[in-house]
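Please consult the sequence and the coordinates alongside the text.

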Amino acid sequence: MASLFKKKTVDDIIKEQSKELRGTQRQITRDRAALEKQEKQMEAEIKKMAKSGNREACKILAKQLVQLRKQKNRTYAVSSKVTSMSTQTKVMNSQMKMAGAMSTTAKTMQAVNKKMDPQKTLKTMQDFQKENMKMGMTEDMINDTLDDIFDESGDEEESQDIVNQVLDEIGIEITGKMVRAPAAGKSVPSAAAASSKQATISDDEIERQLRALGVD
């Protein structure tokens with residue numbers, strides 16, 4: 001019952017008009033089909049009268065045939081008009097929807113612009129940047145303070161554990177290199193060996209060196 005008193009929207013009106021136009025188009029098509037059938041019958045009747053030699057009947061039927069064909073041509077013109085009206089209605093409906101969407105968007109943008117204060121937004125961004133810089137400086141100061149505390153803590157045992165851990169980590173590599181290093185006493189001559197070598201110099205060599213120096 002409430003639907004009877006419901007106010008029709010633009011879409012409802014356009015739907016009703018489109019329905020009426022489609023009905024009109026179907027009726028025009030049926031009328032044209034009837035006229036074409038009547039045209040064929042009249043043509044057959046004219047041929048029949050012509051064969052019988054009835055010239056007056058042929059003239060009358062020929063005039064009626066001309067009028068009938070004019071009427072059929074009018075149906076094509078009316079059909080084109082109806083099709084054009086239907087197309088225009090759909091285009092207008094589309095344009096109205098686009099206008100409605102633009103109106104809604106404009107209202108939304110107006111509401112947002114009213115809520116948005118450019119000066120306030122700029123100040124908020126500046127405050128954020130300032131506080132962010134303060135936070136970074138504070139973090140740096142805290143890190144520096146913690147580094148100083150740990151460096152000056154005097155916890156020798158903890159420091160030594162860290163040093164030992166590092167040495168253990170690289171000790172494997174150092175040990176590996178030391179395994180390949182030449183053993184002491186094999187490739188490096190000792191002081192005793194050098195002294196023994198010097199002691200084996202002959203007396204003739206000593207005398208030769210003295211004569212070279214001018215000593216008799």
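Arg69 and Glu43 form a salt bridge in which the closest N and O atoms are 2.5 Å apart; a salt bridge here is a side-chain nitrogen of Lys or Arg within 4 Å of a carboxyl oxygen of Asp or Glu. Because Arg69 lies in helix H2 and Glu43 in helix H1, the pair ties together parts that are 26 residues apart in sequence. The model is a predicted one, in which local features need pLDDT of at least 70 and side-chain atom pairs count only at pLDDT 80 or more, while totals for chains, interfaces and linings use all residues. Residues are numbered from 1 along each chain as its sequence is written, and side-chain values use heavy atoms, with hydrogens and water left out.

Arg69 also forms a salt bridge with Glu39, with the closest N and O atoms 2.7 Å apart. This second pair likewise links distant parts of the chain, since Arg69 belongs to helix H2 (residues 55-115) and Glu39 to helix H1, 30 residues away. Burial is stated as relative accessible area: buried means under 20%, exposed over 50%, and partly exposed in between (1.4 Å probe, protein chains only). Glu39 counts as buried because its relative accessibility is 10%. Arg69, at 35%, is partly exposed, and Glu43, at 27%, is partly exposed as well.

A further salt bridge joins Lys123 to Asp127, with the closest N and O atoms 3.0 Å apart. The two residues are separated by about one helical turn, because they stand 4 residues apart in helix H3 (residues 118-151). Asp127 counts as partly exposed, at 31% relative accessibility. Elsewhere, salt bridges that share partners join Glu39, Glu43, Arg69 and Lys72 into one network. The count of salt bridges comes to 5.

Helices (H or I, at least four residues) and strands (E, at least two) are DSSP runs, numbered from the N terminus. From that terminus on, the elements run α-α-α-α-α-α. Of the 216 residues of the chain, 11% count as buried.

Patches are made of residues with over 30% relative accessible area and no salt bridge, like charges being joined within 9 Å. Accessible areas come from the Shrake-Rupley method with a 1.4 Å probe. Lys and Arg count as positive and Asp and Glu as negative, while His and the chain ends are not counted. The place of a charge is taken as NZ of Lys, CZ of Arg, CG of Asp or CD of Glu.

The positive patch consists of Lys19, Arg22, Arg26, Arg30 and Lys90. Helix H1 (residues 10-52) gives the most to this patch, with 4 residues. Arg30 has its place in helix H1 and counts as partly exposed, at 49% relative accessibility. A patch of negative charge is formed by Glu139, Asp140, Asp144, Asp147 and Asp148. Asp140 is found in helix H3 and, at 46% relative accessibility, counts as partly exposed.

One record annotation remains. In an unreviewed entry, UniProt lists residues 21-55 as "coiled-coil region"; UniProt positions follow the numbering used here, feature names are shortened, and annotations may be inferred rather than shown by experiment. In the model, residues 21-55 are 94% helix and 0% strand, and the end C-alpha atoms are 44 Å apart.

Definitions and conventions: Patch = residues over 30% accessible without salt bridge, like charges linked within 9 Å, V, L, I, M, F, W, Y side chains within 5 Å.
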